[in-house]
Amino acid sequence: VIDTGADPEHRDFNLDPDVPVRYNEAAMQALIELLKLPGKYYSPKIPYGFNYADNVQTIKDVDEHGLHVAGTIGANGNIEEGGIQGVAPHVQLLIMKAFTNDQAHSSVYEDTWLKAFDDSI
């Protein structure tokens, strides 16, 4: 998800324990080292994320646009407890934050989203 970020600790971003994962922590760490990626592992639901706009590890967004987009795709909350389900609740999400939290700079530079895109594939 290349957007404004997401909250890796949000209650609706989890995987059921019986869902097989493509990227566990060890596998993702190996990829990060092999490919020299700048980000890190966050959770089974979000095995990779990085803030490409500010070049830091903080992927949480301020305006929650990216959270909304990521949730539409892959939220896996408990509906009976007020949670939401995305269209693909059992997917893992890569959070590629391309917009800064600095409200004075609301655009994204081409090299920023291209790097996020390149690292995601």
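What follows is a short chat about a predicted model.

Me: What should I know about the model before reading values?
Reply: It is a predicted model, where local features need pLDDT of at least 70, side-chain atom pairs count only at pLDDT 80 or more, and totals for chains, interfaces and linings use all residues. Residues are numbered from 1 along each chain as its sequence is written, and side-chain values use heavy atoms, with hydrogens and water left out.

Me: How many helices and strands does the chain have?
Reply: The chain has 3 helices and 3 strands. These are DSSP runs numbered from the N terminus: helices are H or I with at least four residues, strands are E with at least two.

Me: And what pattern along the sequence?
Reply: It reads β-α-β-α-β-α.

Me: Which strand does β2 join, and over how many bridges?
Reply: Strand β2 (residues 48-51) runs parallel to β3, with 4 bridges between them. Two strands count as paired if DSSP finds at least two bridges. F50 stands opposite M96 in β3.

Me: What about β1?
Reply: Strand β1 (residues 2-3) pairs with strand β3 (residues 94-97) in the parallel sense, over 2 bridges. There, I2 has M96 as its bridge partner.

Me: Changing topic: how much of the chain is buried?
Reply: 38% of the 121 residues count as buried, meaning under 20% relative accessible area with a 1.4 Å probe, protein chains only.

Me: What does the C-alpha trace span?
Reply: About 40 × 35 × 20 Å along its principal axes.

Note on methods. Buried means under 20% relative accessible area, exposed over 50%, partly exposed in between (1.4 Å probe, protein chains only).
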